[in-house]
Amino acid sequence: MAENLWPSDSDPRNVETCRREIVKEALRQSESCLWTSTMLYTWLRVVRLQHKAVILLPIILTGLVGFSYIKEWVPAWGVALMAFLSTLIPSIAEALDIQTHVHELERLAAEYKALQDRFRRLARITALGDVDEAEQELAELMDRMDTARNTSITPPQRYFESARRQIEGGHYDFAVDLQAEENPSRKKSE
């Protein structure tokens, strides 16, 4: 009878190495989603304000032009300019398709935030169990990430800088995580 020469842990994929790599990749993707969702939410706030301005500004300008008192305070060319802008702004907004951007940014920001939470959960909970199940979930989440990235919406650089300030400033740190980090250090110092 032939003797088994392979050690009992002969799996070419070392389970613990695989688990560490899954956790590392899931945390990397979670961080990527944090940055992207923060940029998109920051940009979304500005786009929503622009959208409101595009709706309200023509109404306000048209109302001002209609007041007879405005002609006493504003020169005739100013009144004509206000009337022109009140008709021009809706056309510009339509050409720029601002409404679509609002809906698309809302959808993508929410998707990246959901992916951030799912990747974090995978790294902190699912990967502690069955490695094959964790690897399958990582693949599914990466497919969702690829779908979200296919839209290729690129926020302007200033929103990246704003996201960096927010994230590095601790705006997205959870109190429970901060307490968990503090507790081990207290035990060591005691």
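Biologist: What makes Glu-25 and Arg-28 a salt bridge?

Modeller: A salt bridge is a side-chain nitrogen of Lys or Arg within 4 Å of a carboxyl oxygen of Asp or Glu. The closest N and O atoms of Glu-25 and Arg-28 are 2.2 Å apart, so the pair meets that cut-off. Bear in mind that this is a predicted model, where local features need pLDDT of at least 70, side-chain atom pairs count only at pLDDT 80 or more, and totals for chains, interfaces and linings use all residues. Residues are numbered from 1 along each chain as its sequence is written, and side-chain values use heavy atoms, with hydrogens and water left out.

Biologist: How are Glu-25 and Arg-28 placed in helix H1?

Modeller: They are 3 residues apart in helix H1, which means a separation of about one helical turn. Helices here are DSSP runs of H or I with at least four residues, numbered from the N terminus.

Biologist: Why is Arg-28 called partly exposed?

Modeller: Buried means under 20% relative accessible area, exposed means over 50%, and partly exposed is in between (1.4 Å probe, protein chains only). Arg-28 has 44% relative accessibility, so it counts as partly exposed.

Biologist: Good, now to the other pairs. What makes Glu-106 and Arg-48 a salt bridge, and which parts does the pair tie together?

Modeller: Their side chains meet at 2.9 Å, N to O. Glu-106 lies in helix H4 and Arg-48 in helix H1, so the pair ties together parts that are 58 residues apart in sequence. Glu-106 is partly exposed at 28%, and Arg-48 is partly exposed at 35%.

Biologist: How do you know that Glu-137 and Arg-118 form a salt bridge?

Modeller: Their closest N and O atoms are 3.6 Å apart. Glu-137 lies in helix H5 and Arg-118 in helix H4, so this pair ties together parts that are 19 residues apart in sequence. Glu-137 counts as buried at 11% relative accessibility, whereas Arg-118 counts as partly exposed at 34%.

Biologist: How many salt bridges does the structure hold?

Modeller: The structure holds 10 salt bridges. Glu-161, Arg-164 and Glu-168 are linked in a network of them.

Biologist: Which residues of H5 are buried?

Modeller: The buried residues of H5 are Val-131, Ala-134, Glu-137, Leu-138, Leu-141, Met-145 and Ala-148. Seen down the axis of H5, they fall within an arc of 120 degrees, so they line one face of the helix. The arc is that of the directions from the helix axis to the C-beta atoms.

Biologist: Why is Thr-126 called buried?

Modeller: Its relative accessible area is 10%, so Thr-126 is buried. Thr-126 sits in the loop between helix H4 (98–124) and helix H5 (131–149). Not counting residues up to four places away in sequence, Thr-126 touches Arg-121, Glu-133, Ala-134 and Glu-137, where contact means heavy atoms within 4.5 Å.

Biologist: What about Gly-66, buried or exposed?

Modeller: Gly-66, in helix H1, has 61% relative accessibility, so it counts as exposed. Gly-66 and Ala-83 are 17 residues apart in sequence and 9.2 Å apart in space, C-alpha to C-alpha.

Technical notes. Helix = DSSP H or I, 4+ residues; strand = E, 2+ residues; numbered from the N terminus.
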